[in-house]
Amino acid sequence: MSDENDLKEFERTTKRLFDDSVAEIDAATRSRLTQARHRALDEVKTQRADGWRWTLVPAGTLAATALVGWFIIVNPPPPPGLQSDSLSDLEILLAEEDLEMLDEEIDFYGWLEEQPEFTNADDGIG
Amino acid sequence: MREVEARAYRIAVMNIRDRDEALDVVQDAMIRLVRRYAARPSAEWRPLFYRILQNRIRDVQRRRIVRSRVLSFFGGTASEEEHDPIAEAPAARGDDPLEQVTAGDAMRALERALTELPVRQRQAFTLRNFEGLDVAQTAVAMSCTEGSVKTHYSRAVHRLREMLAEFGEELAHE
């Protein structure tokens, strides 16, 4: 029990020694520590600013989409045959090739090509 | 953060023995804490901060060991290359008889004794005793189990008390 008390006393003493040594840190060092803390807090602000920058990307996309939608409503597409190239280009750009469908039907196209009515089509006309 | 930074700095100085580098390590630990764990509950910040700090201290110590070995391989010494805080650190107890006689600074004796402990024991003692983290928080800071913390801490306390036996009077009167 005495040994345990001695250990506790030892722990209290070492803790007090450390606390005292912290209290003795000079003002210049404390000032540098404060500056270091401020630099760390600046990181938080920068992070938050970066976060806002990222949220601006979808916001910008939304705004652009709304603008395009408004433009289409105000300027309805011309009748078929007179569609502007820009709208066609947009459609092409937005279109995705359905390669999976092509793959599924390639046997059919191969079979179709081998059919006599297709291979001899010119004979019937001429 | 304000409460912790001065204590963290003191711990860094004890381990690194270079004030400028200790400041850099503390600042870096604060920045890393903010970057990685700002969103975590504030109750977790302290042990997480000390985990980062301990890792950064280990990084510095590892770099020094590598540098020292590289330099010794090429036949040079660290002091030839640049300022070496380890070489400039006070000699270990026992190297200087005059210092033994005049050593009245119990904290310095404690610091030197700490440097002779295995790293994990030193970490456990620093975090539990100096910083007052509980066992669970220390386990987070040391990335180990609570059982390991208890073992390392107990061994550290017993070993330190043995090493500082001759400073017993001074420690008692501090």
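Modeller: A salt bridge is a side-chain nitrogen of Lys or Arg within 4 Å of a carboxyl oxygen of Asp or Glu. The model under discussion is predicted, and a search of the whole structure gives 18 salt bridges over all chains.

Colleague: What makes the contact of A:Arg12 with A:Glu9 a salt bridge?

Modeller: The closest N and O atoms of A:Arg12 and A:Glu9 are 3.3 Å apart. The cut-off is 4 Å, so the pair qualifies.

Colleague: Why are A:Arg12 and A:Glu9 separated by about one helical turn?

Modeller: Both belong to helix α1 (residues 2–23) of chain A, and they are separated by about one helical turn because they are three residues apart in that helix.

Colleague: How many salt bridges are counted between chain B and chain A, and what makes the pair A:Arg32 and B:Asp20 a salt bridge?

Modeller: Between chain B and chain A the count is four. For A:Arg32 and B:Asp20 the N to O distance is 3.0 Å; the limit is 4 Å, and therefore this pair is a salt bridge.

Colleague: How many residues does each chain bring to the contact, and what area is buried?

Modeller: Chain B brings 33 residues and chain A brings 28 residues. The buried area is about 2,900 Å², and carbon and sulfur atoms give 65% of that area.

Colleague: Which residues and elements line the largest cavity?

Modeller: Its lining includes B:Ile11, B:Asn15, B:Arg58 and B:Arg122. The elements giving two or more residues to this lining are α1 (2–16), α3 (45–73) and α8 (119–130) of chain B. By class, the lining has three nonpolar, five polar and two charged residues.

Colleague: What lines the second largest cavity?

Modeller: Its lining residues are B:Met14, B:Asn15, B:Glu111, B:Leu114, B:Thr115 and B:Arg122. At least two residues each come from α1 and α7 (106–115) of chain B, and α7(B) gives the largest share, three residues. This lining divides into two nonpolar, two polar and two charged residues.

Note on methods:
Residues are numbered from 1 along each chain as its sequence is written. Chains are lettered from A and ligands numbered from 1 in the order in which they are written. This is a predicted model: local features need pLDDT of at least 70, side-chain atom pairs count only at pLDDT 80 or more; totals for chains, interfaces and linings use all residues. Side-chain values use heavy atoms; hydrogens and water are left out. On a 1 Å grid over the protein atoms alone, a cavity is a set of points where a 1.4 Å probe fits but cannot get out, and a pocket is an open set with protein on both sides within 12 Å along at least five of seven lines; lining residues have an atom within 4 Å of a point. Helices (H or I, at least four residues) and strands (E, at least two) are DSSP runs, numbered from the N terminus. Ala, Val, Leu, Ile, Met, Phe, Trp, Tyr, Cys and Pro count as nonpolar, Asp, Glu, Lys and Arg as charged, and the others, Gly among them, as polar. Contact means heavy atoms within 4.5 Å. Buried area is the accessible area (1.4 Å probe) that two parts lose on being put together, summed over both.
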